[in-house]
Amino acid sequence: MHLDPRLWGKERGLNKPYPVGCHGIDTAAVMEVLWERYLSARQRRMLAEGWGLTEEQARLLHVLLGFLHDLAKISPVFQQQEPERMRCPEQPGIR
């Protein structure tokens with residue numbers, strides 16, 4: 001899978017913009033940890049029942065929602081807030 005580094009998602013406090021796809025992966029990993037380590041078995045069961053899913057399906061949905069939470073950042077309206085971010089001279093072949 002290729003994540004286009006021109007689609008930025010984070011920049012505040014960073015030396016260079018962070019790709020939105022990488023941010024999504026980071027968030028999905030955090031959601032996995034939250035599910036496994038911070039939610040009690042009862043909380044996981046309640047979420048699954050509330051969503052009408054098995055616990056495994058609920059875990060996957062929880063992680064997926066974390067990955068997708070900034071999906072709107074790939075829109076032209078968001079990306080054009082910083083048009084220079086769309087250029088990626090350090091990666092030949094990407095325009």
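The protein chain exposes about 6,900 Å², of which carbon and sulfur atoms supply 58%, accessible areas being derived by the Shrake-Rupley method with a 1.4 Å probe, with only the protein chains shown counting as cover for residues. The model is predicted, and for this reason local features need pLDDT of at least 70 and side-chain atom pairs count only at pLDDT 80 or more, whereas totals for chains, interfaces and linings use all residues. Residues are numbered from 1 along each chain as its sequence is written, and side-chain values use heavy atoms, with hydrogens and water left out.

The secondary structure of the protein chain consists of four helices and two strands, arranged along the sequence in the pattern β-β-α-α-α-α; helices (H or I, at least four residues) and strands (E, at least two) are DSSP runs, numbered from the N terminus. Of the 95 residues of the protein chain, 26% are buried, where buried means under 20% relative accessible area, exposed over 50%, and partly exposed in between (1.4 Å probe, protein chains only).

The structure holds one aromatic pair, formed by tryptophan 8 and phenylalanine 78, which is tilted, with 4.8 Å centre to centre and 35° between the planes. Rings of Phe, Tyr and Trp (its six-membered ring) pair if their centres lie within 6.5 Å, and planes under 30 degrees apart count as stacked, over 60 as edge-to-face and the rest as tilted. The pair links distant parts of the chain, as tryptophan 8 lies in strand S1 (residues 8-10) and phenylalanine 78 in helix H4 (residues 76-79), 70 residues apart. Both tryptophan 8 and phenylalanine 78 are buried.
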